[in-house]
Amino acid sequence: MEPARQIAEFVAQTDYTSIPSAALAAAKDAILDSIGVALAGGREPAGRIPGDLAREEHATEEATVLGQGFRSSATNAAFVNGTSTHALDFDASFPIMGQPMAGLPATVLALAEATGANGQQLLAGYVVGFEVAAKVAWALPGAWSDSAWHSPATVGSVGCTAAAAKLLGLDLEQTAMAIGLVCSMASGVIGNFGTMGKPLHAGLGARNGVTAARLAQRGFTGNPLALNATNGFFDAFVPSEAPDLEPIGNLGTKFDLAQGAVRFKAYPCGGLTHAAIDAVLALRTEHGLTADTVDGIDVQVSPFTASRIIYRIPETGLQGKFSMPYILARALIDGRLTPDTFSDTATRDRAVLGLAERVHMEGSSELDHDASGKRPARVSIRLKNGQILFRQVDYPKGSPEAPLTADELRSKFTVCAEPALGPEAAGQAISMLDRLDTVDSVARLAQLLAGPA
């Protein structure tokens, strides 16, 4: 069977009662985390500027723009909230391709509010979208890793469309048409890392999903088999190799969400740096390190990590998120990494940059990431007394191998949400999100998440 037809059948046939409880529990945690980082991201320029644009358009008020105090069309809300979700690079990742599901929570929240859905319907839409994106990610051949495409607006667009189709109640034919249409919208290049163009990709994925599904709902046509057609999605993104379609055939029988596929982020920066951060923080604590005692830091990472973490000394806060020297210098000096670590002002701190100049990163063929989520880093800290401290970390904090606790996940939400909502509303939001499966109207949740006008 054509993969687009398999996806359409899965979307049309899956409902809340057929989803494993482990997948639903993981979905609830992932949605909680994503909404928290979106509320914080909406206060960043990368979230505020799309919000200002949406406000100026005065579109039909269907859905809430998180933390920005107004409503817009579901398309605009999905776009703004998706971009805000990825603005801090604090949103959860997947074992491969980084954050292909970055735009998914914004998609389901916008359409659930616009359609009057309840919490169970929102969760079903999220799970459907997550599983479709996961299976498309696994289907892409290995050459994808060497390409310049970014997953949130490519693979993510397909997953967001599946979720949108579920919430809109599209039938099998309409869903297949929506998947075909979004194949022409998929985009996003890695060359925009370290700029607002990176979180834009998550907003595009969410917007694409809503748009493609609504077009198909109204009878707009494309090639419903474009995913695997000649010169279609797979051909366009990896023309050198054929996809492995077996994962798509597992839709409905194997749920990635139930198998630890959500990897929460402990730090608001590029996930490929997190294993090295964990190593530095551990050595700092164990040995009471300060910048004055350190002569230099050497870090070895996989060649893939070295190709993505590209900034030596950052000129902006966004570049700082992809600068191993800056990140490790901050980790050693401050003992933590917060959203404030990556302001433009923070990246000009001379004391931090002085230590960053003594941090050297190199790719090593002995290290490689894999589909389990392994992201190894070897860190050697040279002290001024000649001593060398060493630590290797394979799985960063937030992975199933080194999980965030429930309290840590909720503390992260609180830190992100309180500046946008205030303490009382943030606490109420946690309570409602924890019992999302019992919420009878997503619109009530959205009102709570709007923030002050």
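Buried, in these legends, means under 20% relative accessible area. The model shown is predicted.

**Figure 1. Trp149 and Phe237 form an edge-to-face aromatic pair.** At 6% relative accessibility, Phe237 counts as buried. Trp149, at 30%, counts as partly exposed. The ring centres are 4.8 Å apart, with 90° between the planes. Trp149 lies in the loop between helix 6 and helix 7 (155-168). Phe237 belongs to helix 10 (residues 233-237). The pair therefore ties together parts that are 88 residues apart in sequence.

**Figure 2. Phe10 and Phe255 make a tilted ring pair.** A search of the whole structure finds nine aromatic pairs. In the pair shown here, the ring centres of Phe10 and Phe255 are 6.3 Å apart and the planes meet at 55°, so the pair counts as tilted. Phe10 sits in helix 1 (residues 3-13). Phe255 sits in the loop between helix 11 (246-249) and helix 12 (274-287). The two residues are 245 residues apart, and their pair links distant parts of the chain. Both Phe10 and Phe255 are buried.

**Figure 3. Ring pairs join four aromatic residues into a cluster.** The members are Phe94, Tyr126, Phe130 and Trp138.

**Figure 4. Arg207 and Lys412 lie over aromatic faces.** Arg207 is placed over the face of Phe79, at 5.6 Å from the ring centre. Lys412 is placed over the face of Phe90, at 4.1 Å from the ring centre.

**Figure 5. Buried residues line one face of helix 19.** Helix 19 covers residues 442-449. Its buried residues are Val442, Leu445, Ala446, Leu448 and Leu449. An α-helix has 3.6 residues a turn, so residues three or four places apart point the same way. On the other side of helix 19, Arg444 and Gln447 are exposed. Just after helix 19, Gly451 takes a positive phi of about 75°.

**Figure 6. The buried residues of helix 19 pack against several elements.** The helices they pack against are helix 2 (21-41), helix 5 (104-115), helix 6 (119-139), helix 17 (406-421) and helix 18 (423-434). Strand 1 (63-65) is also a packing partner.

**Figure 7. Asn208 makes a side-chain polar contact with Ser157.** Asn208 is found in helix 9 (residues 197-217). The residue is buried, with a relative accessible area of 3%. The polar contact joins the side chains of Asn208 and Ser157 at 3.0 Å. Neighbours within four places in sequence are left aside in the contact list for Asn208. That list holds Ala153, Ser157, Thr161, Val182, Met185 and Ala186.

**Figure 8. Cys183 and Cys269 sit apart from other cysteine sulfurs.** A search of the whole structure finds zero disulfides. Cys183 is in no disulfide, and the nearest cysteine sulfur, that of Cys160, is 13 Å away. At 13% relative accessibility, Cys183 counts as buried. For Cys269, the closest cysteine sulfur is in Cys416. The sulfur of Cys269 is 13 Å from that atom, too far for a bond. Cys269 counts as buried, at 0% relative accessibility.

Definitions and conventions. Residues numbered from 1 in each chain as written. Predicted model: local features only at pLDDT ≥ 70, side-chain atom pairs only at ≥ 80, totals over all residues. Heavy atoms only, no water. Buried < 20%, exposed > 50% of the residue type's maximum accessible area, 1.4 Å probe, protein only. Helix = DSSP H or I, 4+ residues; strand = E, 2+ residues; numbered from the N terminus. Arc of directions from axis to C-beta. Contact = heavy atoms within 4.5 Å. Phe/Tyr/Trp six-rings, centres within 6.5 Å; stacked < 30°, edge-to-face > 60°. Lys NZ or Arg CZ within 6 Å of the ring centre and 35° of its normal. Polar contact = N/O pair within 3.5 Å; in protein donor to acceptor, adjacent residues only side chain to side chain. Disulfide = S-S within 2.5 Å.
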